[in-house]
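Reader: I am new to this kind of model and would like to learn how to read it. Could you walk me through some of its features?

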Amino acid sequence: MTPNPRSPVDRLLTISLMLAPAVTLISSLLFAARGWDDGTAGAIQVVAGVLDMLLVMALVTHLNDRPRLAVVALGLGALGAGGWVAYGINTIETSYGNVDLVDLTGAATIIKPLGLCWPAMLVLVGATFLRSRPVPLPCGLGIVLAGALL
C-alpha cells in the first residue's frame, strides 16, 4: 500500500497514529486509577482497539519495500487489535459481575494469544523501522519500547 498524502484514507490513517496511542493511554490510566474491572476503561479500550487497526494499516504503509513483512505485520496487528477489543469487552462484562474470560478454559482462552499478537507486531515493525529507517529513529525506538512494555 503506497501512501497518498492527499487522500482521505491517508489522512484517516495519519490521524490514527495520534489518536490510537492517546485513547489507549486514557484507558490505561482509567484501569490504573479504577481497577481492572472498570467498565468505562473497558469501553474506551474497545475504541482503542478499533483505532489500533487503523494504526497498523498506517504503519504497514511504510513497509512497501518489505511486502512479506508487511503481510505478517498486518496479520499480527489485526489479531492484536482484535485482542484489545476482546479484552475491553471482557472488562465490560466483569464490571457487571460476569465471569472473567481470562480465568476460564476452552474457547474463552482465545483472548490470551490475541492479546500477545499486538506487542509482537509492535516489536516487529519497530525493529524493522530501526533497521531500514523509513521513519525517524525516535519513532522506531518508541514503537519497539511500546511493544516491549506491553
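This is a predicted model: local features need pLDDT of at least 70, side-chain atom pairs count only at pLDDT 80 or more; totals for chains, interfaces and linings use all residues.

Reader: What is the phi of Arg133 near?

Author: The general idea comes first. Most residues other than glycine have a negative phi. Arg133 has a phi near 55°, a positive value in a residue other than glycine.

Reader: Let us go on to helix H5. Which residue lies there?

Author: Gly140 is a residue of helix H5. Gly140 counts as buried because its relative accessibility is 0%, and buried means under 20%.

Reader: Which residues does Gly140 touch, not counting residues up to four places away in sequence?

Author: With those left out, Gly140 touches Gly126, Phe129, Leu130 and Val135. Gly140 and Thr128 are 12 residues apart in sequence, and their C-alpha atoms are 7.9 Å apart in space.

Reader: Phe129 came up among those contacts. What does Phe129 touch?

Author: Not counting residues up to four places away in sequence, Phe129 touches Leu59, His62, Leu63, Pro134, Val135, Gly140 and Ile143.

Reader: Now to the nonpolar core. Which residues of the largest nonpolar core touch the most other members?

Author: That core has 19 residues, and Leu59, Leu63, Ala73, Trp118, Met121, Val125 and Phe129 touch the most other members. Two or more residues each come from helix H1 (8–34), helix H2 (39–60), helix H3 (67–95) and helix H4 (111–132). H2 gives the most to this core, with six residues.

Reader: How do I read a salt bridge, and how many are there?

Author: Look for a side-chain nitrogen of Lys or Arg within 4 Å of a carboxyl oxygen of Asp or Glu. By this rule there is one salt bridge. The side chains of Arg34 and Asp38 form it, at 3.5 Å, N to O.

Reader: Where is Asp38 found, and what does Asp38 touch?

Author: Asp38 is in the loop between H1 and H2. Leaving out residues up to four places away in sequence, Asp38 touches Leu30, Phe31, Thr91 and Ser95. Asp38 and Thr91 are 53 residues apart in sequence, yet 6.7 Å apart in space, C-alpha to C-alpha.

Reader: And Thr94, where does that residue lie?

Author: Thr94 lies in helix H3. Thr94 counts as buried because its relative accessibility is 14%. Its contacts, leaving aside neighbours within four places in sequence, are Trp36, Asp37, Val99 and Asp100.

Reader: How many disulfides does the structure hold?

Author: A disulfide is a covalent bond between the sulfur atoms of two cysteines. The structure holds zero of them. As for cysteines, Cys117 is buried at 13% relative accessibility, while Cys139 is partly exposed at 40%.

Terms used: Residues are numbered from 1 along each chain as its sequence is written. Side-chain values use heavy atoms; hydrogens and water are left out. A nonpolar core is a set of buried Ala, Val, Leu, Ile, Met, Phe, Trp, Tyr and Cys residues joined through side-chain atoms within 4.5 Å. Buried means under 20% relative accessible area, exposed over 50%, partly exposed in between (1.4 Å probe, protein chains only). Helices (H or I, at least four residues) and strands (E, at least two) are DSSP runs, numbered from the N terminus. Contact means heavy atoms within 4.5 Å. A disulfide is a pair of cysteine sulfur atoms within 2.5 Å.
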